[in-house]
Amino acid sequence: MSVRIRLALHGCTNRPFYHIVVAPSKFKRDGRHLEQVGSYDPLPNTNNEKSVALNIERIKYWLSVGAQPTIPVYKLLGMAGLLPIHPRMYLEAERARNAAATKSKSSETESTESEPQPKTA
């Protein structure tokens with residue numbers, strides 16, 4: 001049976017909170033697990049930061065014995081420096097940059113169009 005490092009959903013309605021757990025792949029998402037190795041709060045706090053707590057020693061142990069992280073956990077571990085950054089992160093960052101650039105261009109064109117044009121005699 002393969003072992004996965006994955007997110008287990010906790011929290012209440014409209015306020016998700018995840019535990020990063022090690023569990024066999026056959027177990028339910030929020031069911032039994034072998035060990036909790038961290039936590040993740042996806043909602044930003046007052047400083048616009050998402051909080052992640054990791055037990056790095058235990059995660060390294062489970063990775064060494066063959067545990068496979070899921071894609072969301074792989075992304076978190078990549079940002080923490082335990083694994084290489086997932087290729088999808090590069091795509092998401094580029095899409096966000098392109099969206100911000102188009103948004104700023106559209107706001108600039110709207111602001112120049114809304115300014116009154118000087119009348120010529």
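Valine 21 stands opposite glutamine 36 in strand β3. The two residues belong to a pairing of β2 and β3, which is antiparallel and has five bridges. Strands here are DSSP runs of E with at least two residues, helices are runs of H or I with at least four, and both are numbered from the N terminus. Two strands count as paired if DSSP finds at least two bridges between them. The model is predicted: local features need pLDDT of at least 70, side-chain atom pairs count only at pLDDT 80 or more, and totals for chains, interfaces and linings use all residues. Residues are numbered from 1 along each chain as its sequence is written, and side-chain values use heavy atoms, with hydrogens and water left out.

The protein has three helices and five strands. From the N terminus, the elements run β-β-β-β-α-β-α-α. The five strands form an open sheet with mixed pairing, in the order β4-β3-β2-β1-β5. β4 (51-54) and β5 are the edge strands, and each pairs on one side only.

Strand β1 (residues 3-12) runs antiparallel to strand β2 (residues 15-24), and 10 bridges join them. Within this pairing, alanine 8 stands opposite histidine 19 in β2. The hairpin of β1 and β2 has two residues between the strands, and asparagine 14 takes a positive phi near 60° there. On the other pairing of β1, with β5, the sense is parallel and there are two bridges. Arginine 4 stands opposite glutamine 68 in β5. In a regular strand the side chains alternate between the two faces of the sheet.

α1 touches β1, β2, β3, β4 and β5, and its direction makes about 120° with that of β3. Contact means heavy atoms within 4.5 Å. Axes are lines fitted to C-alpha atoms, for helices over the stretch in contact, and angles run from 0 to 180 degrees between N-to-C directions. α2 also lies across β1, β2, β3, β4 and β5, and runs at about 95° to β1.

In α2, the buried residues include Val73, Lys75, Leu76, Leu77 and Gly78. Buried means under 20% relative accessible area, exposed means over 50%, and partly exposed is in between (1.4 Å probe, protein chains only). Threonine 70 lies in the loop between β5 (68-69) and α2 (71-80). Threonine 70 counts as buried because its relative accessibility is 17%. Leaving aside neighbours within four places in sequence, threonine 70 is in contact with Arg4, Ile5 and Arg6. After α2 comes glycine 81, whose phi is positive, near 90°.

The largest nonpolar core has 14 residues, and Ile5, Ile20, Val22, Val37, Trp62 and Val73 touch the most other members. β1, β2, β3, α1 (56-64) and α2 each give two or more residues to this core. A nonpolar core is a set of buried Ala, Val, Leu, Ile, Met, Phe, Trp, Tyr and Cys residues joined through side-chain atoms within 4.5 Å. In soluble globular proteins, nonpolar side chains tend to be buried together. Valine 37 touches Ile5, Ile20, Val21, Val22, Ala53, Leu54, Asn55, Arg58, Ile59 and Trp62, not counting residues up to four places away in sequence.

A search of the whole structure finds two aromatic pairs. Tyrosine 18 and tyrosine 40 form a stacked pair, at 6.2 Å centre to centre and 25° between the planes. Tyrosine 18 lies in strand β2 and tyrosine 40 in strand β3 (residues 35-41), so the pair ties together parts that are 22 residues apart in sequence. Tyrosine 18 is partly exposed, at 23% relative accessible area, whereas tyrosine 40 is buried, at 14%. Tyrosine 61 and tryptophan 62 form an edge-to-face pair, at 5.3 Å centre to centre and 70° between the planes. Tyrosine 61 is partly exposed, with a relative accessible area of 38%. Tryptophan 62 counts as buried, at 14% relative accessibility. Rings of Phe, Tyr and Trp (its six-membered ring) pair if their centres lie within 6.5 Å; planes under 30 degrees apart count as stacked, over 60 as edge-to-face and the rest as tilted.

Of the 121 residues of the protein, 25% count as buried. The accessible surface comes to about 8,900 Å², and 54% of it belongs to carbon and sulfur atoms. Accessible areas come from the Shrake-Rupley method with a 1.4 Å probe; for residues, only the protein chains shown count as cover.
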